[in-house]
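I opened a new entry for this chain today.

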Amino acid sequence: MTANAHAKEDAASTHVLAQLASLLRSGDVQAALALTEAASANSAKPTEAAPEEAEIDAVRRIVSPPLDTLSFIERRQNGGGFNYWANVPASSSYADECEIGGRLAEEFLTFIGKYHNNGNGALLGLIVIDMEKNGAGRGHKIGFLNTINKYAMGAAYFLHADAQESEHPWTKCRRLGRELAEALEATGEQQFAYIAPKGSGTPTLLFGHLDYHPSTSTLNATSGAPIEGQDFSELFYELINLAELAEATLDILREMDYAHSDGSRIAELDRVVALQRVLCTNLGRLREAAEVLDGPKTWVPASSA
C-alpha cells in the first residue's frame, strides 16, 4: 500500500515537472511561477488541483516535422533512429569551424523555437553525444554550444528579472519624460506636454503648442474685444524657490553655537531664529495658496462694469 502511494506521488511529481518544462519552453514565465507555487501548496494539500491554464498547456501538443529537416541530422539507413551530427562540412581552420557551428546552432534554435514540444526538448543532448561520436571539430563544438549558451543566458535573465532591483520612481519619471519628449518631437509639430501627478484633481496629461505665450490676447465672449491675459505660474515657482531658500537659512542658523565664551546665551541669535521660523511658516502658506497659479493657463482680469 505504501509503495503504491509513493508511486502515485512520483507520477504526480513527474507530471508537474513536464508541465513546468513545457511552460518554460513556451516562454510563459508567469504561468510557470504559478505552477511552482501550486505544486508547493500541493505537498500540504494533495487533493488541490494545479492551475487550469497550466493543465491546458501541458496537454497541448505541437506537431513537429521530421528531425532530418535540419541540415545536420539524417535518418540512419540501418537500425532506425537518427544520426544527430551528420553532413557537417569539414574545415581547415578553427575560425571556419566556429562559423559553421554557430550557423547550425541558429538553425537548431529556430527549429525548437517554432516546434517547442516535449520531444524536441531533449534534442540538444543527443546532438552533443553524436558530436563526440562523429568527430566534430573543436571549432564546431565551441561555435555551436556558445551560440546555445548566448540564448540560454538571455532566457535565464528574464527568468530572474523579478529578483532585480525595481526602478526608483524618480528615475522612472525622468526616463518616461525623455521618451515622451522624443515622441513629441517625432510628431513634427511644436508641442509641449504638462503632466500632473495622480490624484491632483487636474487632467493627468495636457498638451499645447510651443508658440503659446502667456500674454496671448483672448477674445471676450460677449463684446468680442481682445482682453490681455497673464500667466502667473512663474510667480508660483519663484515662491517655491524663496521658501526653500528660507528653509536652508533656518537650517544653517540651527547649526550655530548659541552660547558666548562665558556660557551665557546669545539672545540676539535666538530672536533671529524665531523671526526666521515665522518667515518660513508664512512663505509655506503663500506657496500652498499659490498652487492654483501653477500650470499653462492664462488669467484674464474681470471686466469692469
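The notes below run from the whole chain to single residues.

**Whole chain.** I note at the start that this is a predicted model. I counted the secondary structure and got nine helices and six strands. The chain has 305 residues, and 23% of them count as buried. I then looked at contacts with a separation of 6 or more: 53% of them join residues 24 or more positions apart. The accessible surface of the chain is about 21,300 Å². Carbon and sulfur atoms hold 58% of that surface.

**Cores.** Which residues touch the most other members of the largest nonpolar core? I found F72, W85, F108, I127 and F144, in a core of 20 residues. Helix 4, helix 5 (123–133) and helix 6 (138–159) each give this core at least two residues. Helix 4 has the largest share, with six residues. I listed the contacts of F144, leaving out residues up to four places away in sequence. Among them are F72, W85, F108 and I127, and also L104, A105, L124 and M131. The glycines G101 and G102 are on the list for F144 too. I also found a second, separate core of 10 residues, which includes L250, L269, C280 and L283.

**E97.** This residue lies in helix 4, which covers residues 94–114. What is the nearest side chain of opposite charge to E97, and how far away is it? It is R138, at 7.9 Å. A salt bridge requires a nitrogen–oxygen pair within 4 Å, and E97 has none, although E97 is buried. Not counting residues up to four places away in sequence, I find that E97 touches S91, G137, R138, G139 and H140.

**N87.** I checked backbone angles next. Most residues other than glycine have a negative phi. N87 has a positive phi, near 60°. I placed N87 in the loop between strand 2 (82–83) and helix 4. Is N87 buried or exposed? N87 counts as exposed because its relative accessibility is 56%, and the cut-off for exposed is over 50%.

**Surface patch.** I195, L205 and F207 make a nonpolar surface patch of about 290 Å². I looked up L205 in more detail: L205 lies in strand 4, residues 205–209. L205 has 37% relative accessibility, so L205 counts as partly exposed.

Conventions: Residues numbered from 1 in each chain as written. Predicted model: local features only at pLDDT ≥ 70, side-chain atom pairs only at ≥ 80, totals over all residues. Heavy atoms only, no water. Helix = DSSP H or I, 4+ residues; strand = E, 2+ residues; numbered from the N terminus. Buried < 20%, exposed > 50% of the residue type's maximum accessible area, 1.4 Å probe, protein only. Contact = heavy atoms within 4.5 Å. Areas by Shrake-Rupley, 256 points an atom, 1.4 Å probe, with all protein chains shown as cover. Patch = residues over 30% accessible without salt bridge, like charges linked within 9 Å, V, L, I, M, F, W, Y side chains within 5 Å. Lys, Arg positive; Asp, Glu negative; His and termini not counted. Core = buried A, V, L, I, M, F, W, Y, C linked by side-chain atoms within 4.5 Å.
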